[in-house]
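I want to look up a few contacts and surface spots and jot down what turns up.

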Amino acid sequence: MRPAVRQTLVVGLVAAIMSTSCGVRPNDPVVASSGNLAIALANAIDISVIPRVAAFRAEAETFEQAAQDFCVDLDEPALATLQAQWIVLFEQWYRLAIFNFGPLDDNIIFPQYSFIDSLRVRGTDYLATVRDEISANMASMVTLDEAFFDAQTFDNVGLLALESAVFERASMDHSQLPADIVGEYAGAPRKCEILEGLARQIAKRAQIVEDGWKIEAPFENDPYRTLFLTADLDDETEPLTLLLVTVQEFLDHLHRRHVVTTAAAVSDHAYEAVAETIDEIETLLVGTDETEISFFALMLGAGHDAVVDDLIENIAAARAALVARDAGDVEDALVALDGNFKREVPDSLEVNLGINFSDGD
């Protein structure tokens with residue numbers, strides 16, 4: 001990046017950081033203390049994590065309604081609305097997915113996230129699997145009720161199955177022409193049952209995750225927010241360590257599993273979705289107008305200007321590569337950010353991650 005451009009980015013973001021630090025004069029650094037770190041962590045949960053959980057749940061419900069409306073209208077405008085809503089839901093997932101802990105990762109064998117994003121489990125593209133399942137269910141006589149979809153394995157449901165259901169027809173040519181997709185639904189009523197069942201399933205899981213954060217965590221009597229911010233986690237992991245490791249693991253997943261060229265192959269929306277991830281990482285670090293103390297403010301207050309500078313440059317590089325749809329440059333930028341979250345970010349916040357980094361999946 002040219003020095004002038006880099007300097008402009010740094011100055012602009014530093015100004016934004018200082019403006020989000022409530023009660024701090026613009027020229028005063030934020031003191032790097034345990035108390036301020038606790039405030040920054042609480043801000044991250046309440047301004048980044050929980051709003052993303054709520055947004056994903058809301059968009060999942062909106063998608064479910066759009067599926068029901070489409071199955072009433074069965075026309076191309078309703079299909080266009082449904083496809084647009086899937087894109088919104090997919091993008092919201094890529095904002096939420098960097099926070100893959102707590103209620104999202106609530107079971108060592110069948111965690112909630114696996115039924116939303118099958119690619120995240122081990123990097124396997126299950127497109128052929130969901131295509132075969134949709135075709136088989138269209139042809140079978142099995143009752144496609146709620147219990148049926150509740151019993152489905154992770155590789156047959158979630159965002160990928162919905163993508164196939166709304167962006168292509170199930171016949172062998174997998175035509176993406178709107179008229180062909182609508183025509184298949186009109187000629188095969190069971191396909192609407194499949195669409196509505198898959199939509200209901202993802203909305204239910206989104207609600208479970210939100211309830212876990214806000215009402216009662218799985219196998220606990222308190223909301224996960226309370227458990228997290230009071231450091232009352234089952235495995236005694238430090239909350240900030242868990243947050244930083246989870247972000248790092250998702251960045252590792254994105255580049256190691258070549259997500260921009262593997263995910264969303266039917267809708268061709270992976271680059272845009274990963275751009276949402278980058279936006280969310282920046283929000284996590286910089287904060288918003290509601291943020292009292294941000295992580296960047298703490299880094300600057302502790303004299304780690306070079307770390308902030310490097311993060312800003314790597315975020316900008318990732319954005320530019322995603323806009324250009326240059327897979328190689330995207331992966332280079334993701335590797336750089338992955339490294340930042342393995343080393344510079346925890347070091348500058350004086351966090352001992354205490355783990356051996358690997359694939360993270």
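Started with salt bridges: my search of the whole structure, which is a predicted model, turned up 20 of them.

Picked R95 and E276 to begin with. Their side chains meet in a salt bridge, at 2.7 Å from N to O. I checked where the two sit: R95 is in helix α3 and E276 is in helix α13 (residues 270-286), so this pair ties together parts that are 181 residues apart in sequence. Buried or exposed, I wondered, for R95 and E276? Both are buried, and the cut-off for that word is under 20% relative accessible area.

Next up was R325, which forms a salt bridge with E272; the closest N and O atoms are 3.1 Å apart. I find R325 in the loop between α15 (305-324) and α16 (327-348), while E272 is in helix α13, so the pair ties together parts 53 residues apart in sequence. R325 has 32% relative accessibility and counts as partly exposed. E272, at 30%, also gets the label partly exposed.

Then I looked at R319 and E282, whose side chains meet in a salt bridge at 3.2 Å, N to O. This pair links distant parts of the chain, with R319 in helix α15 and E282 in helix α13, 37 residues apart. R319 comes out at 29% relative accessibility, so I log it as partly exposed.

Which residues are linked in a network of salt bridges? I noted R52, R95, E276, D279, E280, E282 and R319.

Moved on to helix packing. I looked up α2 (residues 34-73) against α3 and got an angle of about 165°, with the axes 9 Å apart. Angles over 145 degrees count as roughly antiparallel, and α2 and α3 therefore go down as roughly antiparallel to each other. Their crossing is left-handed.

Surface check after that. I108, I109 and F110 form a nonpolar patch there, and together they have about 410 Å² of accessible area. I placed I109 in the loop between α3 (76-96) and α4 (119-122). Why does I109 count as exposed? Because its relative accessibility is 59%, and the cut-off for exposed is over 50%.

Last entry is D132, which I find in helix α5 (residues 127-139). D132 has a relative accessible area of 55%, so I mark this residue as exposed. I also took its separation from S171: D132 and S171 are 39 residues apart in sequence and 10.0 Å apart in space, C-alpha to C-alpha.

Key
Residues are numbered from 1 along each chain as its sequence is written. This is a predicted model: local features need pLDDT of at least 70, side-chain atom pairs count only at pLDDT 80 or more; totals for chains, interfaces and linings use all residues. Side-chain values use heavy atoms; hydrogens and water are left out. Patches are made of residues with over 30% relative accessible area and no salt bridge: like charges are joined within 9 Å, nonpolar side chains (Val, Leu, Ile, Met, Phe, Trp, Tyr) within 5 Å. Accessible areas come from the Shrake-Rupley method with a 1.4 Å probe; for residues, only the protein chains shown count as cover. A salt bridge is a side-chain nitrogen of Lys or Arg within 4 Å of a carboxyl oxygen of Asp or Glu. Helices (H or I, at least four residues) and strands (E, at least two) are DSSP runs, numbered from the N terminus. Buried means under 20% relative accessible area, exposed over 50%, partly exposed in between (1.4 Å probe, protein chains only). Axes are lines fitted to C-alpha atoms, for helices over the stretch in contact, and angles run from 0 to 180 degrees between N-to-C directions. Angles under 35 degrees count as roughly parallel, over 145 as roughly antiparallel, 65 to 115 as roughly perpendicular and the rest as oblique. A crossing is left-handed if the near helix is turned anticlockwise from the far one by less than a right angle, and right-handed if clockwise.
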